[in-house]
Amino acid sequence: MLQLTCPWCGPRDETEFHHGGQAHVARPADPAALDDAAWAAYLFFRDNPAGPFAERWVHSLGCRRWFHAVRDTVTYAVLATYRPDAPRPGLAVARPDGETR
Amino acid sequence: MADPTAPGPAALRRGPLDHLSGALRAATVTGPRAVALTALPCRTTTALRAAPDGPVGARLAKVLGAPLPTRCGETARTDHGTALWLGPDEWLLVAEDAAPAPLTALDEALGDAPGQIVDVSAQRTVLELRGPAARDVLEKGCAPDLHPRAFPPGRAVTTAVGQVPLILWHSAADTYRLLPRSSFAEHLAHWLTDAMGEYGLPEVD
């Protein structure tokens, strides 16, 4: 079982959490200006790396707060957990489209 | 059928475990590994949500007579019961009796700030598990470290016991209060009495 360190509650078992998909997906500033392909890319297309991956988790059986975790999808090691208003630690790279991965 | 001349709604209250009081008594374990489960009478419970720092936190602390706890696991004794930390901006105020909570004063302390003050007395049931074997019983179905060095009396966490989401409060030495949602109380009571049974038998090496 994974153990995740909730930024507010400390280390807890995976069963207390729910997974929320990829983190740091920036919502387009003006969705109405997008064509269908760009909107679909925002809505449905997610990274699928073999390696460190920033994802959202919610501590549903604890403090009920959302937070972010960087998890290695190959080893399942949780490399970092941090509050959702914090930047991704270490690896933050600002892209031209404003998205941070 | 409730007596229609009874004085007020409080007299009509029925606890979700009232029908199991005999079964809970029968499950009491005595001896060196004693453990007993009781359902405590209904008590006033108030949900508080507010920004913990700043003037609102200070005003709420003034009404309660003590500052609200600020970190996971912490509790604070106040003039109106014990405040349990549920989240960074969320607390549960659990009184020791059914006396009304100071809702109006708390609401005035909150003022226009974002948050809420709600009486949730019917939301949860309070079970008390007491005895030298109480921690052993809980550890069969509860993941957080319950050793007194990590979870001493006076601490409370939101977690699950036997897959039932609840607040687990170490209210005194060898005494744990479990606060599940009322609809989960019966399942939890059966789970706990089943888990308690073995402690009445001699220990096997």
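Predicted model: local features only at pLDDT ≥ 70, side-chain atom pairs only at ≥ 80, totals over all residues.

Colleague: Is the crossing of α2(B) past α3(B) left-handed or right-handed?

Modeller: Residues are numbered from 1 along each chain as its sequence is written, with chains lettered from A and ligands numbered from 1 in the order written. Helices here are DSSP runs of H or I with at least four residues, and strands are runs of E with at least two, numbered from the N terminus. A crossing is left-handed if the near helix is turned anticlockwise from the far one by less than a right angle, and right-handed if clockwise; α2(B) passes α3(B) in a crossing that is right-handed.

Colleague: Why does α2(B) count as roughly antiparallel to α3(B)?

Modeller: Axes are lines fitted to C-alpha atoms over the stretch in contact, and angles run from 0 to 180 degrees between N-to-C directions. Over 145 degrees counts as roughly antiparallel. Helix α2 (residues 55–64) and helix α3 (residues 103–110) of chain B have axes 8 Å apart, and the reason for the label is their packing angle of about 160°.

Colleague: Which residue of β5(B) is the bridge partner of B:Thr46?

Modeller: Strands pair if DSSP finds at least two bridges between them. Strand β2 (residues 45–50) of chain B runs antiparallel to strand β5 (residues 90–94) of chain B, with five bridges. There, B:Thr46 is partnered by B:Leu93.

Note on methods:
Parallel < 35°, antiparallel > 145°, perpendicular 65-115°, else oblique.
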